[in-house]
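Work through the exercises below with the model open. Try each task before reading its solution.

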Protein chains: 2
Amino acid sequence: MNIKPQIGTHINDLDTPCLIIDLDKLETNMNYVSDFYSRRSSKMRPHAKNHKTPAIAHMQINNGGTVGGVCASKVSEAEVMVNNGIKSVLITSEIVDSLKISRMIALAKRAEINVAVDSLQNAKSIDSIANKFNVEVGLIIEIETGMGRCGVQDADEALNLAESIKGLHNVSLNGLMSHQTISGEPDLETRHTEAKKVIEKVINIKNLLESRGFVLPIISTGETWSYDVAADIEGVTEIQGGSYLLMETDYAYMTEFQQVCKILGTVISKPTISSAIVNVGLKHISSLRGVPAIEGNNDIQVVDMAPSSSTVSIGDQVSLEIGDQLSFIPSQQDAMVSRWNQFICIRERTVENVWDIQARGCIS
Amino acid sequence: MNIKPQIGTHINDLDTPCLIIDLDKLETNMNYVSDFYSRRSSKMRPHAKNHKTPAIAHMQINNGGTVGGVCASKVSEAEVMVNNGIKSVLITSEIVDSLKISRMIALAKRAEINVAVDSLQNAKSIDSIANKFNVEVGLIIEIETGMGRCGVQDADEALNLAESIKGLHNVSLNGLMSHQTISGEPDLETRHTEAKKVIEKVINIKNLLESRGFVLPIISTGETWSYDVAADIEGVTEIQGGSYLLMETDYAYMTEFQQVCKILGTVISKPTISSAIVNVGLKHISSLRGVPAIEGNNDIQVVDMAPSSSTVSIGDQVSLEIGDQLSFIPSQQDAMVSRWNQFICIRERTVENVWDIQARGCIS
């Protein structure tokens, strides 16, 4: 059962655990990125995999500084976005199941769809199904830039694939993309150096392909951690930024962004004087990269997470009783949001909006 | 979008990733446990948090050897079960939010509801709301038996709490419960020794309370790993077994049970000769305790998991191409099932049933 709180409910009266958004902070992050890209020729293409919510995608697009569309990592996510009025989607994963290719191609009749590819076999499958539907789909060659996931490995592979795609009739090569990561808490200089290094590979391949006559309107690369570097690299047309909006402790080093998205929990047991059990566990919050932080109190720390609850340690100076609320800030938001049905949006400790996470569970 | 496959679809034609159940193996596990408990005075109370599916709960109850009801870890799960005809639910977590207590108490008008408590404050809140609803709720005192989570710590605390509950009018003390875990891959003797040791604490408290005049119809303890030991300990009336039904690699040492539940995925990229990228990631499968196994092939191993994909290494003797399917067996099923909308049930490589996971996302 999905219990929707009334607008105007005080935060203390919310049923927990629940997923909350701080609206003031959300607007701060959104405005920061809009302002940044409004002054540049490259634009943000916000990643919908992070928030999975058309209400938010439309806010991002309306706010400005974007390409007017979103990224999605799954066909099912793209379906939710297109069904809710988003006009352009770049699907950032390779789609190889024939049923899923059919679903993607049906979408291409109603919106601009581009999809990542890294093999001729996949390009041919898409072409063949697009032919049946009498529609054209844009292909974006994915370039592997160090994560060891999908993508062609080098310029030769990219060129071969691009040449072969020329021979297909219902797909067009529209550009290149790559995905990168950086570990730890890099300083500004490290972020800039590392981002330039990996994105250079994409730009070199772009230059090679263009010298062979290819026209590549989309060069999509850059992430939240490199949103500022990638934006100014000559040739990059759009940036895939997801985490900047809702944030997570993994990106806490990016101090221009606020921690927007939290899980509100309640102390359900107080087994000892220095510990408490909270009704927020691994089912509610990602622990992919370490335990969540507790908002506003460094003297309360998560020491263990079970599927449905956490054990927190309590400092000497802290009083914490059964029924008290705590806000957990995730280390990583991506896998977490997908588990929830709604964002409860808070301003001045009061519910102002409830947004359905319409692409919740769109994991295939 | 939730795409339901047609009954009769061949497994090779399924859209992936999807959550599948092997029906022959499911029936093997279910029958094994039914037979086991049919011959004993203690009974299984299957944990609905694992499968979250009324279709399965009813099969378990109809099959025999149970108490005729289920465990649930959340009020929202209990709501789904009661709304779908389950007549008795033991809620195994402390419920302290007043809104959630109200929801639980409303359920008690339609089904037998018992709930874990470990503090007088919580018992009083439940009593006060039950009074408004004019209904009686059963309380089960939780005993902490080594996991460091909820529960009263010792016999004195249990006795104090039991005495205080006597003074309340709309709750009745119906019994005791505890939850335990065991690490690694214990042999039969270790399982028996360890289970007896922790359950003894519960039995001692039961004996103490009974000597003070308390009547305790429910002594609920034991898990999948101790289903056989707990069943024969004098005084235990019911066992909370969840994992035995769908199974997971963490319990692979319990060779009487089959691995029933898997994620079917597809190879979407083949970046190098010895690796492949599969469309199953951390969003789809729990990695709480290590990476999943690949069914039927030890020469394919998961080496890295991203939110939406995994990298697998491929042995020299294995051929694996884009479009090939792999089945991932989870290390732990509990947090995983909650992310999915449906179980696709397979017999002889063909879809025989599709069951909605109705308590999916019931995490609060």
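Helices here are DSSP runs of H or I with at least four residues, numbered from the N terminus. The model is predicted.

**Exercise 1. The largest cavity**

Task: Find which helix gives the largest share of the lining of the largest cavity, and sort the lining residues into nonpolar, polar and charged.

Solution: 
- Step 1. Start with the cavities. The structure holds three of 30 Å³ or more. The largest has a volume of about 50 Å³.
- Step 2. List the lining. Met30(A), Val33(A), Ser34(A), Met44(A), Gln60(A), Asn63(A), Gly64(A), Gly65(A), Thr66(A) and Tyr244(A) line the largest cavity.
- Step 3. Assign the elements. α1 (23-38) and α3 (54-63) of chain A are the elements that give two or more residues to this lining. The largest share, three residues, comes from α1(A).
- Step 4. Sort by type. Gly counts as polar. The lining divides into four nonpolar, six polar and no charged residues.

**Exercise 2. A tilted ring pair**

Task: Classify the ring pair of Tyr244(A) and Phe257(A) as stacked, tilted or edge-to-face.

Solution: 
- Step 1. Recall the description. A pair of aromatic rings is described by the distance of the centres and the angle of the planes.
- Step 2. Take the two values. The structure holds twelve aromatic pairs over all chains. For Tyr244(A) and Phe257(A), the centres are 5.8 Å apart and the planes are at 50 degrees, so the pair is tilted.
- Step 3. Tyr244(A) is in helix α10 of chain A, and Phe257(A) is in the loop between α10 and β10, 13 residues apart.
- Step 4. Check exposure. Buried means under 20% relative accessible area. Tyr244(A) is buried, at 3%. Phe257(A) is buried too, at 5%.

**Exercise 3. A charge over a ring**

Task: State which residue has its charged end over the ring of Phe36(A), then look at Phe36(B).

Solution: 
- Step 1. In chain A, the charged end of Arg40(A) sits over the ring of Phe36(A), 3.8 Å from the centre.
- Step 2. In chain B, Arg40(B) lies over the face of Phe36(B), 3.7 Å from the ring centre.

**Exercise 4. A loop residue**

Task: Describe the surroundings of Ala252(A).

Solution: 
- Step 1. Locate the residue. Ala252(A) lies in the loop between α10 (243-246) and β10 (261-272) of chain A.
- Step 2. With a relative accessible area of 40%, Ala252(A) is partly exposed.
- Step 3. Find contacts. Not counting residues up to four places away in sequence, Ala252(A) touches Met247(A) and Gln259(A).
- Step 4. Compare sequence and space. Ala252(A) and Glu185(A) are 67 residues apart in sequence, with C-alpha atoms 8.1 Å apart.

Technical notes. Residues are numbered from 1 along each chain as its sequence is written. Chains are lettered from A and ligands numbered from 1 in the order in which they are written. This is a predicted model: local features need pLDDT of at least 70, side-chain atom pairs count only at pLDDT 80 or more; totals for chains, interfaces and linings use all residues. Side-chain values use heavy atoms; hydrogens and water are left out. On a 1 Å grid over the protein atoms alone, a cavity is a set of points where a 1.4 Å probe fits but cannot get out, and a pocket is an open set with protein on both sides within 12 Å along at least five of seven lines; lining residues have an atom within 4 Å of a point. Grid points are joined across faces, edges and corners, and a volume is the space filled by probe spheres set on the points. Buried means under 20% relative accessible area, exposed over 50%, partly exposed in between (1.4 Å probe, protein chains only). Contact means heavy atoms within 4.5 Å. Rings of Phe, Tyr and Trp (its six-membered ring) pair if their centres lie within 6.5 Å; planes under 30 degrees apart count as stacked, over 60 as edge-to-face and the rest as tilted. A charge sits over a ring if NZ of Lys or CZ of Arg is within 6 Å of the ring centre and within 35 degrees of the ring normal.
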